[in-house]
Amino acid sequence: MAEEIPRDKPILLFDGVCNLCNGSIQFVIDHDPEGVFRFAPLQSEAAERLLDDVGFHDYDFDTFVLVDGDDYYTKSEAALRVASELEFPWSLAKVGRVVPRPLRDAVYDTVATHRYAVFGRKAQCMIPSPEIRERFIEMSAGPEADD
């Protein structure tokens, strides 16, 4: 039986080969000095298990997903929830919730659709630096680290 993935902190799942997504994760790391968030590429076994655990089965790699306990958030809602936890002034982005979600998600979807064409993609998922490795689920101590 696979070991439970700890959910003591929110986990941000992202497209590991997308340059924009990787840049966004680096931005979160840089502006999250308290280490609120952990991370995993959507292409990982850990992400697949987490999404299955929270009941999100109909996903693809065009959104990032915030798993917070037994709940999950996608697209603009995930982005705004993440921003609200970052250091000032980025936390002010939470006021974006006044914009109706369908409109926010339409903008999100447009960027997601064109992200590879505009920002490019990597041949493989990012490899975190040793300083931040423990914040990545696949790189954390546990069954995945033993392989």
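The following legends describe close-up views of a predicted model.

Residues are numbered from 1 along each chain as its sequence is written, and side-chain values use heavy atoms, with hydrogens and water left out. Because this is a predicted model, local features need pLDDT of at least 70 and side-chain atom pairs count only at pLDDT 80 or more, whereas totals for chains, interfaces and linings use all residues.

**View 1. The chain as a whole, with 4 helices and 4 strands.** Read along the sequence, the elements follow the pattern β-α-β-α-β-β-α-α; helices (H or I, at least four residues) and strands (E, at least two) are DSSP runs, numbered from the N terminus. Of the 147 residues in the chain, 43% are buried, where buried means under 20% relative accessible area, exposed over 50%, and partly exposed in between, with a 1.4 Å probe and protein chains only. The accessible surface of the chain comes to about 8,200 Å², of which 56% belongs to carbon and sulfur atoms; such areas come from the Shrake-Rupley method with a 1.4 Å probe, and for residues only the protein chains shown count as cover.

**View 2. The open sheet of 4 strands, in the order β2-β1-β3-β4.** The pairing is mixed, two strands being counted as paired if DSSP finds at least two bridges between them. Strands β2 (38-41) and β4 (71-74) stand at the edges, each with a single partner strand, so one side of each is left without a neighbour in the sheet. From one strand to the next, the twist averages 20°, with axes taken as lines fitted to C-alpha atoms, for helices over the stretch in contact, and angles running from 0 to 180 degrees between N-to-C directions. Strand β3 (residues 65-68) pairs with β4 in the antiparallel sense over 4 bridges, and the bridge partner of V67 in β4 is Y72.

**View 3. Helices packed against the sheet and one another.** Helix α1 (residues 19-30) lies across β1 (11-14) and β2, running at about 160° to β1, while helix α2 (residues 45-53) lies across β1, β2 and β3 at about 115° to β1. In α3, the buried residues are S76, E77, A78, L80, V82 and A83, and they pack against β1, α1, β3, β4 and α4, contact meaning heavy atoms within 4.5 Å.

View 4. The structure holds 9 salt bridges, each defined as a side-chain nitrogen of Lys or Arg within 4 Å of a carboxyl oxygen of Asp or Glu. E77 is buried, with a relative accessible area of 10%, whereas R97, at 35%, counts as partly exposed. Both residues belong to a network of salt bridges that also includes R81 and R104.

**View 5. A nonpolar surface patch formed by V98, V99 and L103.** Together these residues have about 280 Å² of accessible area; patches are made of residues with over 30% relative accessible area and no salt bridge, like charges being joined within 9 Å and nonpolar side chains (Val, Leu, Ile, Met, Phe, Trp, Tyr) within 5 Å. V99 lies in the loop between α3 (75-85) and α4 (101-119), and at 31% relative accessibility V99 counts as partly exposed.
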